[in-house]
Amino acid sequence: MSETIFAKIAAGSIPADIVHDDDRCLVFHDVAPQAPFHLLVIPRKPIVNVAALGPDDESLVGHMVLVAAQVARDLGITGGYRLVFNCGRDGGQSVDHLHLHLLAGRPLGWPPG
Ligand code: AMP
C-alpha cells in the first residue's frame with residue numbers, strides 16, 4: 001500500500017499544524033475545517049481504519065480518545081464537541097489512515113449527512 005498523506009505527516013515529511021505529539025499519536029488541525037474547531041487525532045501506527053483494528057490496538061484507541069478530550073480541554077472548548085471515526089467509503093472516509101475527527105465550536109446537527 002502506498003504511504004498516505006497522514007503517514008507522511010506522522011513521519012514529518014510534510015507539514016501540518018500539530019497541537020499534540022506523543023509516542024503513539026499526534027493531533028493536528030484539519031486543512032479543510034468543517035467547524036470552528038476541527039482537529040484530527042491519528043495514530044503513528046499505519047492502521048487503515050476502525051475495521052482494520054485488532055485486539056492489540058485496544059489501548060491505542062483508548063489513548064486517542066483520551067488525547068482528544070485533553071486537546072479539547074487545552075483549547076478551551078467548553079460547549080461540547082463531537083468525535084467521529086469515518087470508516088470506509090460509505091462512512092465518508094477519504095484518507096486510508098485511521099483518524100478521529102474532533103469537531104466543535106458550533107451546534108452540530110443530527111443525524112449527520
Ligand atoms: P475523512 O474524510 O474522514 O477520511 O477525513 C479526512 C480529513 O483529512 C478531511 O477532513 C480532510 O480535510 C483532512 N485532510 C486531508 N489532507 C490533510 C492535510 N494535509 N492536513 C490536514 N488535514 C487534511
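## Loop residue P46

P46 is found in the loop between β3 and α2. Helices (H or I, at least four residues) and strands (E, at least two) are DSSP runs, numbered from the N terminus. The model is predicted: local features need pLDDT of at least 70, side-chain atom pairs count only at pLDDT 80 or more, and totals for chains, interfaces and linings use all residues. Residues are numbered from 1 along each chain as its sequence is written, and side-chain values use heavy atoms, with hydrogens and water left out.

P46 is exposed, at a relative accessible area of 61%. Exposed means over 50%, buried under 20%, and partly exposed in between (1.4 Å probe, protein chains only). The C-alpha atoms of P46 and A10 are separated by 9.4 Å. Along the chain, P46 and A10 are 36 residues apart.

## The sheet

Five strands form an open sheet. Their order is β1-β2-β3-β5-β4, and the pairing is antiparallel. Two strands pair if DSSP finds at least two bridges between them. The edge strands, β1 (18-21) and β4 (81-84), each pair on one side only. From one strand to the next, the twist averages 15°. Axes here are lines fitted to C-alpha atoms, for helices over the stretch in contact, with angles from 0 to 180 degrees between N-to-C directions.

Three bridges join β1 and β2 in the antiparallel sense. D21 has L26 in β2 as its bridge partner.

## Nonpolar cores

The largest nonpolar core has 16 residues. Such a core is a set of buried Ala, Val, Leu, Ile, Met, Phe, Trp, Tyr and Cys residues joined through side-chain atoms within 4.5 Å. V27, V41, M64 and V71 touch the most other members. At least two residues each come from β2 (25-29), β3 (37-43), α2 (58-74) and β5 (100-104). The largest share, six residues, comes from α2.

V71 touches V19, H20, V27, L39 and L102, not counting residues up to four places away in sequence. Contact means heavy atoms within 4.5 Å.

## The aromatic pair

The count comes to one aromatic pair. Rings of Phe, Tyr and Trp (its six-membered ring) pair if their centres lie within 6.5 Å; planes under 30 degrees apart count as stacked, over 60 as edge-to-face and the rest as tilted. The rings of F6 and F28 have centres 5.5 Å apart and planes at 75°, so this pair is edge-to-face.

F6 lies in helix α1 (residues 5-11) and F28 in strand β2, so the pair ties together parts 22 residues apart in sequence. Both F6 and F28 are buried.
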